[in-house]
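Subject: Structure handover

Dear colleague,

I am passing on to you the structure we talked about, and I would like you to open it beside this email.

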Protein chains: 2
Amino acid sequence: MPLDTESLFAERMRNMRPSLVRELLKNAGGPGFISFAGGLPNPKFFPAEALITATEAVLRNDAANTLQYAVSEGYPPLREWIATRYRQRFGLNIPVEEILITNGSQQGLDLLGKVLLDPGDVVINERPGYQGAIHALSIYQPHFASVTLGGDGLDVGELSRALRAHADRAKFVIITPNYQNPTGLTYSEANRRAIAGVIRQRNMLLVEDDPYNELGFTGESAPPMRAYLEDRVVLLGSFSKIVAPGMRLGWLIASQEIMRRIIIAKQGADFHTNNFAQRALHHYLISNPVAEHIARIRAGYASQAQAMIAALERHLPAGISFTRPQGGMFIWVTLPETADAMAILKDAVAQKVSFLPGAPFFTDGDGQRYMRLSYSQADEATIEEGIARLARVVLQHLDAPATEHAAGDRSNKLRPRIETL
Amino acid sequence: MPLDTESLFAERMRNMRPSLVRELLKNAGGPGFISFAGGLPNPKFFPAEALITATEAVLRNDAANTLQYAVSEGYPPLREWIATRYRQRFGLNIPVEEILITNGSQQGLDLLGKVLLDPGDVVINERPGYQGAIHALSIYQPHFASVTLGGDGLDVGELSRALRAHADRAKFVIITPNYQNPTGLTYSEANRRAIAGVIRQRNMLLVEDDPYNELGFTGESAPPMRAYLEDRVVLLGSFSKIVAPGMRLGWLIASQEIMRRIIIAKQGADFHTNNFAQRALHHYLISNPVAEHIARIRAGYASQAQAMIAALERHLPAGISFTRPQGGMFIWVTLPETADAMAILKDAVAQKVSFLPGAPFFTDGDGQRYMRLSYSQADEATIEEGIARLARVVLQHLDAPATEHAAGDRSNKLRPRIETL
């Protein structure tokens with residue numbers, strides 16, 4: 001019998017399509033190309049020499065355990081290090097049993113979807129919201145109810161209305177209160193408290209996706225939502241932005257009741273996170289002045305952010321607004337309503353500069369007028385040159401009447417699809 | 001409102017329970033303890049020094065890429081290495097695009113469940129079958145139809161009947177034809193051809209879980225099922241048994257049509273596999289006499305297997321049968337019908353020796369009379385001592401009338417549950 005592979009796929013995969021943006025960016029790169037697209041940490045901050053020393057130490061001291069299968073929860077001293085850091089920074093006491101080491105915080109999102117979501121359950125997310133979370137969770141077939149994210153944080157009135165509308169099916173609200181991806185926005189303390197108040201009235205969880213927490217430009221960040229909501233919070237963190245993403249090490253913090261189920265899912269998914277990398281990272285963390293290292297990353301990104309803001313002010317017309325982040329890696333540009341960021345991206349790539357268009361950060365097919373710019377990878381001079389190039393393309397598009405191509409694209413608004421970036 | 005966490009879990013988690021066996025083994029260990037339980041590679045074969053050199057080389061040569069985010073498919077030269085090895089060993093040409101690097105082959109199982117299984121779909125597996133696969137796939141709520149595994153391989157008549165009975169819902173058959181876990185059995189060539197013939201008549205896939213392929217004691221192994229069934233096969237492989245499991249590196253091979261969906265699932269799950277470990281492993285593989293290293297592991301396990309077989313023959317009464325593996329890490333012991341391996345394990349742990357009882361390898365609540373013994377971790381003298389201890393416990397149990405405890409346990413037979421090991 002001939003094989004009909006398509007007929008064998010699970011229902012959950014039917015809504016998932018390869019990314020148009022990824023296709024467009026396939027041609028991005030080469031000499032002179034300037035990328036503001038990927039949310040990539042700057043490799044100049046990768047502690048390569050210290051990681052050589054750390055890897056050698058753990059393999060020389062205890063190869064038998066470093067290279068062996070290990071417990072699903074993660075390397076206990078690494079979990080202790082994370083607990084200590086929360087205690088030192090925020091006075092927060094997190095039992096080590098409530099910390100799981102994951103393959104980057106992306107795996108935390110997948111495990112949460114797996115453990116919490118039945119098809120048709122509702123996830124309340126930010127509008128715009130992190131596309132990696134939308135992708136990971138979409139596989140579990142929830143309905144996304146997106147709540148507007150503004151300069152102060154989530155629109156709490158809209159949040160309450162969304163929760164009333166979806167009463168029994170809303171499993172969790174997922175937010176990134178610090179230096180959000182894609183907008184760079186940070187929630188005010190009042191907004192965090194108001195969100196906590198709303199969550200506390202319901203039988204549901206808050207997922208705090210917090211990979212940029214350490215990247216506040218002033219060195220200060222607000223305490224995790226767990227400070228307000230205790231066991232109603234699942235907190236996701238990452239070593240990708242403070243050490244190196246290629247090691248794929250993050251963490252998930254949850255109450256013991258949730259953790260028991262998460263561990264069962266983790267065991268099914270891959271037994272445990274790479275033990276070799278966990279032990280090397282832990283040795284690095286306890287043998288180096290990590291706080292100073294993080295301070296250097298903060299200062300570097302602060303300077304790059306400032307350079308990008310200055311360049312945007314210089315090169316873009318006054319009618320185009322953009323966010324001014326207090327930390328993290330991203331600036332969010334709002335173009336006039338008729339703009340088509342996908343069409344702009346196509347031409348920008350031809351001019352050797354890239355960014356991410358807004359659509360993948362929306363679950364309702366909207367977002368065509370936005371651009372996400374990452375300033376983390378380029379130095380100040382390159383940022384100036386890249387923004388000058390990009391602004392020329394943007395201005396050409398805004399001067400021109402809407403093309404057939406752009407109009408065609410805009411019709412996609414009615415057909416939401418999950419972009420996989 | 002008080003939080004009712006239990007009410008928030010997804011339906012797919014309701015059948016998953018923490019493992020009784022894991023609980024029992026929590027007290028296993030300490031000085032003098034002999035474990036035949038875990039399927040752990042022997043750490044004396046971990047190439048620690050060579051991995052120190054390899055890690056240093058990749059970090060010194062290209063830290064910027066080794067520590068950065070990477071493509072979801074895996075490090076291309078590592079995928080090339082895998083393709084080359086299949087070409088050299090079996091004359092099999094596998095395009096690099098059909099190879100994905102996973103977090104151990106366990107992640108391959110999870111991705112297959114995610115991409116292929118709707119609740120109620122049927123998975124045909126071996127009876128007994130690998131408990132890690134049962135765990136990973138169970139989360140996607142299939143029905144398992146288990147087909148008897150014998151000395152020659154799968155019972156093909158039973159396989160055909162199972163496929164007829166489950167006509168449209170059977171998505172794949174999953175088998176481990178080489179040195180199977182838990183039995184140590186290897187399929188004959190005739191059996192492989194017969195299985196291929198059955199699969200080819202239907203619109204379904206064969207999943208070949210093949211982590212022990214390189215561990216045949218003679219150095220020869222049969223070609224992968226892909227040689228017979230081409231794009232109808234998904235092949236899972238692993239570096240855990242030939243290099244080190246702590247690095248969590250395995251691979252999944254599938255047709256491009258399946259791979260496209262698997263990649264989307266992989267991106268949602270964790271973006272990509274640990275790049276640091278992938279590059280270090282690749283450098284190790286191309287800079288060291290890997291074939292000789294694997295030959296040493298084979299010879300070591302062959303000698304340990306022989307020692308365990310000799311000890312079992314010496315210490316167990318004639319009525320108790322066990323398998324004689326041609327490779328891999330496991331021996332499967334069949335006790336008299338009334339035996340209760342869980343009760344035996346409890347007493348064995350008190351005598352400082354352990355094994356895995358059979359029940360977790362069955363999906364129908366059966367398996368009480370079996371023991372899985374792993375010979376990979378202990379040297380020959382330790383194996384002799386451990387089997388002598390274990391045989392004393394077994395003999396005591398077989399002499400004694402069934403206890404209340406054992407009878408109570410046996411009633412579980414009617415309530416199948418997914419053991420998570």
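**An enclosed helix**

Helix α4(B) is largely enclosed by the rest of the structure, because 13 of its 13 residues are buried. Please keep in mind that this is a predicted model. The helix covers residues 104–116 of chain B, and from its first C-alpha to its last it reaches 19 Å, which is close to the 18 Å expected at 1.5 Å a residue.

**The nonpolar core**

The largest nonpolar core has 167 residues, and the members that touch the most others are A:V234, A:L281, B:V234 and B:L281.

**A sheet in chain B**

Strand β8 (residues 205–209) pairs with β7(B) in the parallel sense, over 4 bridges. Both strands belong to an open sheet of 8 strands in chain B, whose order is β3-β10-β9-β8-β7-β4-β5-β6 and whose pairing is mixed. At the edges stand β3 (99–102) and β6 (153–154) of chain B, each with a single partner strand, so one side of each is left without a neighbour in the sheet.

**Where the two chains meet**

Between the chains, 71 residues of chain A are in contact with 71 residues of chain B. On the side of chain A that touches chain B, at least two residues each are supplied by β1 (16–18), α2 (48–66), α4 (104–116), α5, α9 (256–270) and α10 (275–287) of chain A. Sorted by class, the residues on that side of chain A are 36 nonpolar, 19 polar and 16 charged.

**Two domains in chain A**

Within chain A, the domain assignment gives domain 1 (5–46 + 292–420) and domain 2 (68–287). The centres of these two domains of chain A, taken over C-alpha atoms, are separated by 24 Å, and 33 residues of domain 1 are in contact with 31 residues of domain 2. On the domain 1 side of this contact, two or more residues come from each of α11 (290–315), β12 (330–334), β15 (370–374) and β16 (418–420) of chain A, and the largest share, 6 residues, comes from α11(A). That side of domain 1 has 18 nonpolar, 10 polar and 5 charged residues.

**Backbone details to check**

Most residues other than glycine have a negative phi, and most peptide bonds are trans. With that in mind, please look at the bond that joins A:R127 and A:P128, which is cis with omega about 5 degrees; A:P128 lies in the loop between β4 (122–127) and α5 (131–138) of chain A. In chain B, the peptide bond from B:N181 to B:P182 is also cis, with omega near 20 degrees, and B:P182 lies in the loop between β7 (170–175) and α7 (189–200).

That loop between β7 and α7 of chain B also holds B:Y179, a residue other than glycine whose phi has a positive value, near 55 degrees. Is B:Y179 buried or exposed? B:Y179 counts as buried, because it has 27 C-beta neighbours inside 10 Å. In chain A, A:K352 has a positive phi of about 65 degrees although it is not a glycine, and A:K352 counts as partly exposed because it has 17 C-beta neighbours inside 10 Å.

With best wishes

Note on methods: Residues numbered from 1 in each chain as written. Chains lettered and ligands numbered in written order. Predicted model: local features only at pLDDT ≥ 70, side-chain atom pairs only at ≥ 80, totals over all residues. Buried ≥ 20, exposed ≤ 12 C-beta atoms within 10 Å, placed from the backbone. Contact = placed C-beta atoms within 7 Å. Nonpolar A, V, L, I, M, F, W, Y, C, P; charged D, E, K, R; others polar. Expected span 1.5 Å × (residues − 1). Domains from an automatic or database assignment. Core = buried A, V, L, I, M, F, W, Y, C linked by C-beta atoms within 7 Å. Pairing = 2+ DSSP bridges.
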